[in-house]
Amino acid sequence: AVKKPDLAQPHFDRALRQFQAWTSLKLDTVPTLVLVNRAAMQELSEDLRKSDSPVSIRGLYSRQITTTRQLRFGITQKMETDVQERIYIVDHLHDAVFRTAVTHELMHDLLQEYFPRLETAPLWVQEGICQQAAAEYCRRRNYTDILYGIEHCTDPDYGDGYRYIKQMMGMGGWPALRRWMEAVDVDALPQEAPRSSP
């Protein structure tokens with residue numbers, strides 16, 4: 001189990017390398033890893049969860065932007081923007097589960113950097129894309145138990161969102177997903193994920 005930050009960082013770095021190899025995209029800034037216990041994660045993710053599915057509470061991506069303005073005689077002289085990105089992961093996860101959760105959260109970061117137009121997309125779209133990245137990680141490493149959990153998740157955003165993205169991608173893999181993210185009409189997407197059975 002991944003219990004301490006010094007043990008977690010190598011797993012995080014490994015997931016990052018494999019994630020960037022899959023997408024062929026390099027993250028400009030890599031979020032800071034923060035290990036938290038389950039109670040803290042539940043509190044952090046309370047507004048996002050629509051069910052008690054464990055998949056939805058293993059990790060969380062946070063991006064906070066602070067803008068500071070320096071004024072002189074009421075006129076802005078200088079503006080500085082500070083961006084803090086963190087990936088929160090529940091501690092004591094099995095190393096394979098940990099890396100899968102990291103992959104999901106790294107996709108949130110990639111969406112911010114490369115596909116900011118999806119920021120206004122419904123939550124199910126974002127979570128479905130991130131679950132697709134996690135599922136791909138599991139397929140490549142034969143993590144069948146974790147993949148089963150992703151594919152059979154009953155949460156409407158994580159489960160139905162994933163199944164919609166998976167069906168849309170078909171056999172096209174990452175290139176098909178990337179084309180869809182670049183071309184989709186965000187305003188035309190339904191607010192709720194189309195229902196599908198696991």
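Trainee: How do helix 1 and helix 4 lie to each other, roughly parallel or roughly perpendicular?

Mentor: This is a predicted model, in which local features need pLDDT of at least 70 and side-chain atom pairs count only at pLDDT 80 or more, while totals for chains, interfaces and linings use all residues. Residues are numbered from 1 along each chain as its sequence is written, and side-chain values use heavy atoms, leaving out hydrogens and water. The axes of the two helices (lines fitted to C-alpha atoms over the stretch in contact, with angles from 0 to 180 degrees between N-to-C directions) come within 11 Å and cross at roughly 100°. Angles under 35 degrees count as roughly parallel, over 145 as roughly antiparallel, 65 to 115 as roughly perpendicular and the rest as oblique, and therefore helix 1 and helix 4 are roughly perpendicular.

Trainee: Which residues in helix 4 does helix 1 meet?

Mentor: Helices here are DSSP runs of H or I with at least four residues, strands are runs of E with at least two, and both are numbered from the N terminus. Contact means heavy atoms within 4.5 Å. From helix 1 come Gln18, Phe19 and Trp22, and they meet Ala133, Glu136, Tyr137, Arg140 and Arg141.

Trainee: How many residues of this contact of helix 1 with helix 4 are charged?

Mentor: Asp, Glu, Lys and Arg count as charged, Ala, Val, Leu, Ile, Met, Phe, Trp, Tyr, Cys and Pro as nonpolar, and the others, Gly among them, as polar. The contact of helix 1 with helix 4 has 4 nonpolar residues and 1 polar residue, and its charged residues number 3.

Trainee: At what angle do helix 1 and helix 3 pack?

Mentor: Helix 1 covers residues 5–23 and helix 3 covers residues 95–114. Their axes are 9 Å apart, and the angle is about 55°.

Trainee: What is helix 1 to helix 3, then, and in which crossing does it pass?

Mentor: That angle makes helix 1 oblique to helix 3. A crossing is left-handed if the near helix is turned anticlockwise from the far one by less than a right angle, and right-handed if clockwise. Helix 1 passes helix 3 in a crossing that is right-handed.

Trainee: How many nonpolar residues has the contact of helix 1 with helix 3?

Mentor: Helix 1 contributes residues including Phe12, Leu16, Phe19 and Trp22, and helix 3 contributes others, among them Phe98, Val102, Leu106 and Leu110. Besides 3 polar and 3 charged residues, the nonpolar ones number 11.

Trainee: Which residues of helix 6 make the contact with helix 5?

Mentor: The axes of helix 5 and helix 6 come within 8 Å and cross at roughly 100°, and the two helices are therefore roughly perpendicular. Helix 5 brings Leu147, Ile150 and Glu151, and helix 6 brings Tyr162, Arg163 and Lys166.

Trainee: Let us turn to the loops. Is Asn142 buried or exposed?

Mentor: Asn142 lies in the loop between helix 4 (123–141) and helix 5 (144–151), with a positive phi of about 60° although it is not a glycine. Buried means under 20% relative accessible area, exposed over 50% and partly exposed in between, with a 1.4 Å probe and protein chains only. The relative accessible area of Asn142 is 59%, so this residue is exposed.

Trainee: What does His92 count as, given its relative accessibility?

Mentor: His92 lies in the loop between strand 3 (75–90) and helix 3. Its phi is near 65°, a positive value in a residue other than glycine. Its relative accessibility is 49%, so His92 counts as partly exposed.

Trainee: How many aromatic pairs does the structure hold?

Mentor: Rings of Phe, Tyr and Trp (its six-membered ring) pair if their centres lie within 6.5 Å; planes under 30 degrees apart count as stacked, over 60 as edge-to-face and the rest as tilted. The number of such pairs in the structure is 3.

Trainee: How many residues apart are Trp22 and Trp174?

Mentor: Trp22 and Trp174 form a tilted pair, 5.2 Å centre to centre with 55° between the planes. Trp22 is in helix 1 and Trp174 in helix 7 (residues 173–183), so that the pair links distant parts of the chain, and the number of residues apart is 152.
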